[in-house]
Amino acid sequence: MKKDSYFNNNSILELLFDTVQKTKISDQSYKVIWLCLQEQILNNRFDLIYDYWSKAHQYLWLNIPKIFPEYDDFCSVLNKEEIENREKQRERFLEFHYALGGLLMFQANELKKKNDINYIEIYNLIHKLSKHTSSQPPQFYLIPDDINKLLNGYDSFDRNFTSDYIIQQRYPFPNLYHDIHHGGIICNWARKYFAYLFLNLYSIEEYFTYTKPFDLTPINDDDNKLYKINSQIHSFETLKKDVEELLLEKKTLIELGLSINQYIGFKRDKNIDPLKCLDDYISESKIRREELIKNQKVNRVKLDDFRSNTKKLISNAINKFSSLWKEQNDINKEEYYFNKSMLVDKMAFSNEQDIGYSNHDQILAQYIAQQYSYFCINIFRKLTTISYSLEKKDIKEGLNKLEIKEDKHVIIYFGSNFESYELDNNINNNIKKINDFYGELSETFYILEEEDLPEVKSTEITDKENILIKDTEYIYADIIDLHKEENKDLKDKLSKQYPDEDLDKKVQAYVLFKVSLKIKPNIKCVCIKCYQQYFEKGMPNKLEDVGPFN
């Protein structure tokens with residue numbers, strides 16, 4: 001049986017539309033249909049293409065119509081899986097015919113470049129296919145009759161590596177088999193066909209009250225709504241470029257049956273020309289996107305993660321230094337606050353995000369933990385009454401010369417390389433090590449009497465506005481949604497600091513805790529620092545400079 005025949009009237013293709021058992025069209029069957037149609041186009045058998053189109057139109061209408069939901073007594077959909085499978089089946093069928101439209105546009109262009117007059121026949125065929133119907137009032141099944149259906153089909157040919165490859169495997173174009181951009185070329189021509197279909201929407205008559213070719217249905221899905229709006233904006237922007245290119249080809253528009261004088265023939269309803277219409281869609285979608293971002297709620301799980309990470313990081317810092325403190329009575333205390341706040345995109349803590357956010361729930365706590373670490377080190381720097389800078393080889397002997405008493409003194413080490421000093425056991429027994437310190441603050445020993453150790457305690461903050469993290473020693477953290485009316489005063493205050501920021505799309509994240517510090521007066525603290533050539537000025541001390549602690 002011939003694939004292309006004057007006598008079979010495309011019977012071989014009709015056999016692949018199983019209207020009796022209603023089996024699903026397989027990928028292999030689609031491939032056979034595609035190769036047959038491609039050969040018919042190459043042989044200028046446009047009558048067979050139209051014959052096939054009429055059969056496909058009938059098949060989609062009668063054999064794979066939409067399935068409507070059936071509900072149980074609790075309003076749950078009983079046939080959800082059946083509906084989803086049918087939608088996939090219909091989408092694949094429509095995608096095939098959109099690709100066929102792209103192939104016709106491509107072949108017309110190839111013939112035009114060769115000055116082959118048959119390209120006009122292809123444009124006439126495209127116009128004829130777009131008007132094909134088997135009912136009155138006319139209904140169109142293989143082309144979109146509203147902007148929502150058009151967008152759904154257009155997205156199938158959006159350019160990315162994955163779709164390019166899939167499209168190339170499904171719908172190869174002639175003479176492009178070895179072209180590295182084969183898939184991209186197919187997508188581009190399919191999109192040119194969609195540009196034509198968009199302009200074709202202007203010719204669809206509104207016979208029914210529900211026929212509204214240009215009414216864009218709002219995205220109401222709760223899941224991935226932001227992603228879908230962003231995708232919609234992207235589709236409209238790329239569609240606008242494709243339409244703009246087609247509108248510049250005035251002769252082609254006429255040959256496609258779109259008789260216009262530039263934009264004038266495309267006035268509709270509110271006298272909106274095609275590009276202005278698409279601009280309006282883009283603006284409306286961006287407004288919905290902005291409103292969605294502003295009205296998103298802070299996700300409870302992400303808020304809990306923020307507090308959990310804050311608790312972990314700051315508690316670890318507090319515990320790291322806890323062995324250095326000793327309770328002191330009858331001494332006046334000083335209070336120190338550790339707080340940090342910053343503006344963060346609300347999307348970082350919301351369900352839906354259009355970009356990734358790294359470390360957003362830890363950065364404040366990391367900053368506070370680092371500030372607390374510096375605070376603890378600086379306590380001993382301020383306590384220091386005598387300081388020596390010794391070369392590393394002299395550190396061991398320098399500590400021995402202090403004549404430290406095991407039951408009286410304590411040695412505090414800040415650094416990262418303690419084992420390299422090989423200290424004597426009597427020294428080791430008195431050491432309190434705080435590891436993982438680098439730079440100019442590291443490799444330092446502080447020696448003082450154990451009774452003179454300072455006291456550092458976390459203390460409560462009585463301000464009721466601050467949110468205490470559960471099971472912590474007075475660590476406070478929260479995410480404040482600046483779009484909420486209850487936070488208007490804070491937003492007004494921040495607007496003066498950040499006049500260029502849209503604060504309705506921001507949250508203020510903060511971390512706060514307070515410590516009290518008690519230090520005995522007139523204590524003695526000796527510091528022995530390992531001399532580091534690149535951090536210190538001058539020369540190191542000599543061993544003979546070091547004397548007994550007492």
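A salt bridge is a side-chain nitrogen of Lys or Arg within 4 Å of a carboxyl oxygen of Asp or Glu. The close-up views below are taken from a predicted model.

**View 1. A salt bridge joins the side chains of Asp-481 and Lys-346.** The N to O distance in this pair is 3.1 Å. Asp-481 belongs to strand 7 (residues 475-481), while Lys-346 sits in the loop between strand 1 (334-345) and helix 13 (363-383), so the pair ties together parts that are 135 residues apart in sequence. Both Asp-481 and Lys-346 are buried. The structure holds 32 salt bridges.

**View 2. Arg-289, Glu-290, Asp-354 and Lys-505 form one network.** These residues are joined by salt bridges that share partners.

**View 3. Lys-192 and Glu-245 are paired in a salt bridge.** The closest N and O atoms of the two residues are 3.7 Å apart. Because Lys-192 lies in helix 8 (residues 182-200) and Glu-245 in helix 9 (residues 225-248), the pair ties together parts that are 53 residues apart in sequence. Lys-192 is partly exposed, with a relative accessible area of 22%. Glu-245 is likewise partly exposed, and its relative accessible area is 42%.

**View 4. Asp-47 and Arg-45 meet in a salt bridge.** Between these residues, the closest N and O atoms are 2.8 Å apart. Asp-47 counts as partly exposed, at 45% relative accessibility. Arg-45, by contrast, is buried, with a relative accessible area of 8%.

**View 5. A cis peptide bond links Gln-136 and Pro-137.** The omega angle of this bond is about -5°. Pro-137 is found in the loop between helix 5 (118-130) and helix 6 (147-155).

**View 6. Cys-75 has a positive phi although the residue is not a glycine.** The phi value is near 65°. Cys-75 is part of the loop that runs between helix 3 (46-62) and helix 4 (80-113). With a relative accessible area of 62%, Cys-75 is exposed, because exposed means over 50%.

**View 7. Asn-115 is not a glycine, yet has a positive phi.** The angle is about 60°. Asn-115 occupies the loop between helix 4 and helix 5. The relative accessible area of Asn-115 is 71%, and the residue is therefore exposed.

Note on methods:
Residues are numbered from 1 along each chain as its sequence is written. This is a predicted model: local features need pLDDT of at least 70, side-chain atom pairs count only at pLDDT 80 or more; totals for chains, interfaces and linings use all residues. Side-chain values use heavy atoms; hydrogens and water are left out. Helices (H or I, at least four residues) and strands (E, at least two) are DSSP runs, numbered from the N terminus. Buried means under 20% relative accessible area, exposed over 50%, partly exposed in between (1.4 Å probe, protein chains only).
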